[in-house]
Each structure stands twice: as C-alpha cells, then as structure tokens.
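Welcome to my notebook. I am looking through this structure piece by piece, and you are welcome to follow along.

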Amino acid sequence: MNPMKKAGLTGLVTLALAISAASLSHSQPSGQPAAIPPEKPLAPKVAATPEPSASAARAAAALTATDLEAWLDGRVAYALEAGDIAGAVVSVVKDGQVLFQKGYGYADVKAKVPMSAETTMVRPGSTSKLFTWTAVMQQVQAGKLNLDRDVNDYLDFKIPQTFGKPITLRHLMNHTAGFEEGLKDLLAYDPKLAPSNEDYLKQHPRPMLFAPGQAPGYSNYGVALAGYIVQRVSGEPFDAYVDRHIFQPLGMLHSTTAQPLPAKFAPFIAKGYRQASDPEPSPFELVVTAPAGSGSATASDMARFMLAHLQQGRFNGHEMLSPATTALMHSPSAQARPGFNVMAHGFFREFRNGRTLLGHGGDTVVFHSDLSLLPDEGVGIFVSFNSRGKDSAVYLARKALMEGFLDRYFPGKPVVDAPVLASATKDAQLIAGRYQTSRRVEHGFLSALYLMNQTVIAANPDGTILAPSGPTGEMATFREVAPQRWRKQGAMQELALVEVEGVKTVIDSENPVSVLQEAPFLRSAPLTLSILGLSLLVLASALAAWPLGALLRRADRATSGASPALHKLRRWQRIAVVVDLVWVGAWLVLIMPVLSTDLALYNGGNDWLFGLMQLSGMFAIAAALVGAWVAWKLFRVDATRLSRVWGVLVAMALAGMVWIGVVGQLMAFNLNY
C-alpha cells in the first residue's frame, strides 16, 4: 500500500501494504447467478510506441549466471550495509530456466540465520496481488467471471452505485473503481484483531471518491473484493484456491497466502526488521485485505511463478493459464497515452529501455519486494528485502537494483533533452500549483494527515518546472516537450496536465494507479497549515505567559493590578487554552503511528478510543465559545488595550482549531477511515 509507482500496502503515507492445471469447473456457490456469460477475449490493444530510456549508450553485458552473480554480490552487499538492511533474496529466470537465485544477509540477525533463495520465505506484499489476478483470469477462462459485468452480480452484499455506474472486475484490476483509501484494520499483529477478508469487506465499505473509470486510485479494498469474488464463484476458500490452482501445480511448495502462517512454514519464514540494527524483529504482519498482500513465498517459488507467466501460462507440464488467457492477461486492460504506463489485468505494463515490462512491487512495513518480467526477452527478476532500512533506504536500494539490472543487461538509448518550447513559460504557470493524490482518505479523522501532505509543482523562470520524482518524492526538473506535457531532464518520466470532471489533474507516465488533483482552496495545505501554525503559536504563547507573568510579578513583589472580573476572565481563557492544547496533543499522538507506518493501532478494537476523541471535539468547540465570550467581555471590563487585542487573538486561535477539526474530519463521528 505507498502512492508511488507499484504501490504496496503502506505507501500512503509511504505505506502502504498489499497481496492451473487442476480442474477449473467448480460448482457455483449458493446464491450465485445460474448463468454468467464468459469473458470475451479482447482484441489486443495497440501498445504505446516504446521509447528510449536514460541509460548510457553502451553495449549490453551478457546475461549469464557468472556475470550476474558477480554484479549482484557487489550491488546487494553494499545496499545491505549502507542501508542497515538485514537481508535480501534474488531470483532471475531466462529462457525457461532458473538462471540465478541467491540469498544475501540474514533472515534472523540475532541467530545469524542466512537468507536462502531456496528455503527462506519472504513476504512479497502487494506483489501477491498477481496471485489474485491470475486466479481471476482462471475464472474468466472457466467462463465463471466476466471482467465487464457488475461485481454485485457475484457478491452476497451490495456495493452502492454512488455515481449511477456499476463497478466491474476490469475497474478493480485497473484500480479505477473510485474507492477512497482505507487504513482501518489494514494491518494487524494479533490474530484476534484481524477480521477475515469477508468480514473486512462487509464491515468497512469504502466511500466513493470518483465515478468508476474516471480516475485511478490504488485500492487494496478493490483487490480484496476481487479475491472474495474468486472465493464465491469457485466455491473454495481463497487461500485453498490459490494453493490448489497456482502453488501446487507450479511446485511452489514453500508458498502460502494463509495467515497466521501455517505451522509447517514457521521454520522457513524470514524475520522482518525496521532496521537490521534493531534489537528485535517486527512481529509477523497480518494483512487483513488478504488477497491484496498476504503472500509468503521463497524466491525460488517466485521464479516458478515467473516462468509460468513467461511460458504462455505453462510450467513443467502444468497449465496455470491457457496461452490465449495468458496473452489476454498481459495485454493492456485500459487506455493510456503513448509512452505512459498502463495496467494489464493486474500487472503494471511499462516501457523501459525500449522494452516492455510486466511487473508489480510490494511493501509491507518491513518487507519490500519487486517482480519484473521482460516477456519478449523471456527474462524475469524477483527481489525482496526484509528490512525498511535506515531512513527508508530500501526504496532507493530496490529501485537502483532493478534499474541497474535493466541498464546492464538491456540498455536503452541515451536521452537527448528537447529544446524549450515557446509555450514553456506560460504552460509552466498553468501546471504550477498544489495537488492532492487521488489515493487518499477524505472521510474520517485520518483525512487531516492527507490534508496537510500535498504535492507542490513549481514553475521556474526558464520555463521548466520542479516536480516530485522517484520513490521518495525527491524534486526534479521537468522540461516541456509538447503542449502541456513535460519530461524529466535526462530521463523518460513524463507529466501531462489534463482536466478530469473540471479539476486540474496531473498524470505521471510511471504511475498508472493514481493521479494528482488540484487541491481546492479550503482544503489547501498552506491555508490549513497557516491556521494550524498560527493558532498553536498563539495558544502556546498564552500558556507560557501564564507562569511567566506570575514569576515576573513575584520578582517585583507586585500584583497584576487586575480587577476580580479581569482575573476571572483570564482564568476562563487559560482553561480554554489548556483544553485546546490537550485536545490537539492527543490527536497528534494518535496520528503519529501513520507517520511511523505502525498501522496496527488502527483497528476495530480501538473504535471506543477514536470515537471518544471525535466526541471530544465538543470540548474544542466549547473552548472556542469561551474564548469568544472572554474577548467580548474584555471590552466591557477595565482592561488594557493590549489585553483586549490579546483576547481577540486567543479567540481567533481557538476558533482556528475548530476549523482544523472540521476540515480535517476530527469531529466527523466517522469510524470508517
């Protein structure tokens, strides 16, 4: 789940978490429509013309096991040491064979258990979604699912048609169903606090931000819904289905989507760490939206999965998918601008170094993985790290490893920056602004965090723009290469400015699962942060002035000279200030876990706490009313001009905190967040 390309389970906030030769003629579960028309294979869509990348112009190194091992041994070892990462596993396949697989570092730091590609199980996170989408395509092949039919036809509960349009499986595959992000009950450590996927879907319906098909927004809920649909139409529990129709036929004997981890796999699972130097590992992460990221597998097993997809759905005499269904799955399932990445029935379909890539990344809090296939070259690579690393070093390490692999063995042509267009300066001003991601929480108290975490695109005097780029959102310079289309200098990443339902929208060529939308003024971060900052400054000053004034008077052996009425007003004012600061401080404590990606706090067992906190907003409103009353009364008692001005400022600060509570949904009485 993180909002950058190939988002996993925690990216939202960087995080986000994610997740057949056997007979496909299963009986339909009770309540399922008797006849569901099969999916008609789509004619392959014309792919965007591959473009060169930023690689240096040089000859490709020979992709051999010897060269690959020498290159990886240096690259991975450095990444682990420099990033404080415990370990990693890598597997590479080529021409129908496993070319290379190896473990690096430790699966258990304290016990010095080494990582092994053959026996160490890692958590692929959202890369597990490929198991779910493969299962969906198996049911399409069996005639039990149609990608363009209303998903309500397959469910035993209803997804409301908020915008008057049905949601289809194709929308779920493309992350264009329109669902709002959700973090409640997304991750747990205690099985007692982890509802089943079915219960999660029914108890945590996601509000709709967009009409289906209108705008992408990466959704773990949508993938979990697809997994439940597979369970419904196949008549098998999801975990059992994946095991019987994907893992067993492919010989993936150290793979499972079951949670908690079955006892037979306990000796093989790698421990996960925030940092390798941490004294203790993280507990086993339970991904509640299981079909979106609950997998555990070895790198060796993931090699088998890659080989099946690279060999028209077949591996070692077993058919996971038919050649026709495999070709359909690998084809684009949505339209995209030329040169922009697109979804391909659950895969990210990209063009890098002039080649087509199919893949998916995945992140839990402590495991970070990536899988990429080069179908035309018959090559696939899987990598997984078991630590987040110092300062989230794993994101850059993973990116450098995957890009380095391509640049070494499949280099592209060098990029030549285009000349500046005559319209550059004007268009730079047009795209400049503040944006919010389409993958966001807008209902519930965590809306406040997204409200203050927006993206800024700035216009430079020379007509270029500064915009975020890369896995950590570092700023980069983009140059306009066509009207309202910008390319990163020295690279092939592009941004395009469009309008979606009248809202200024920025599309990133590398990110087909979310867009940036211009933030409305009343929800803009500068307004919100200005009100919050100034209010906190005034309230903190008022609190500090209280004991400071008393100390100064004591030093001078003097009294304030204030009347009893003024004393009373000041007392009420101080009470209001203290109440407000305690209220704000409590919310900060409860929201801080998102910033540290400790999402386990946000579970149904704590509804009472968050409910009380939302109810406590009444104290903030009362404090604001008291502040206004004090400011009004100060003009009717014997008070100095400074006291009256200060009273007005304090009243405005207290009212400002109410504004934050309202616009940030801290007083929304909504426990579905």
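**Entry 1: a run of strands.** I began with strand 13 (residues 347–352), which five bridges join to strand 14 in an antiparallel run. Strands here are DSSP runs of E with at least two residues, helices are runs of H or I with at least four, and both are numbered from the N terminus. Two strands pair if DSSP finds at least two bridges between them. I found arginine 349 opposite leucine 358 in strand 14. The hairpin of strand 13 and strand 14 has two residues between the strands, and in it asparagine 353 takes a positive phi near 55°.

A note on what I am reading: this is a predicted model, where local features need pLDDT of at least 70 and side-chain atom pairs count only at pLDDT 80 or more, while totals for chains, interfaces and linings use all residues. Residues are numbered from 1 along each chain as its sequence is written, and side-chain values use heavy atoms, with hydrogens and water left out.

**Entry 2: strand 14 onward.** Next I looked up how covered strand 14 (residues 355–363) is, and eight of its nine residues are buried (under 20% relative accessible area, with exposed over 50% and partly exposed in between, using a 1.4 Å probe and protein chains only). Strand 14 also pairs with strand 15 (residues 368–374), antiparallel and over six bridges. A hairpin of four residues links strand 14 to strand 15, and aspartate 363 has histidine 368 as its bridge partner in strand 15.

Entry 3: Within it I checked strand 21 (residues 485–488), joined by three bridges to the antiparallel strand 22 (residues 494–500). Arginine 487 has glutamate 494 of strand 22 as its bridge partner.

**Entry 4: two helices.** How do the axes of helix 2 and helix 6 cross? Helix 2 (residues 129–141) and helix 6 (residues 238–250) have axes that come within 10 Å and cross at roughly 80°. Axes are lines fitted to C-alpha atoms, for helices over the stretch in contact, with angles from 0 to 180 degrees between N-to-C directions. The two helices are therefore roughly perpendicular (65 to 115 degrees). Contact, meaning heavy atoms within 4.5 Å, involves residues including Phe131 and Gln138 of helix 2 and Tyr241 and His245 of helix 6.

How values were computed
Parallel < 35°, antiparallel > 145°, perpendicular 65-115°, else oblique.
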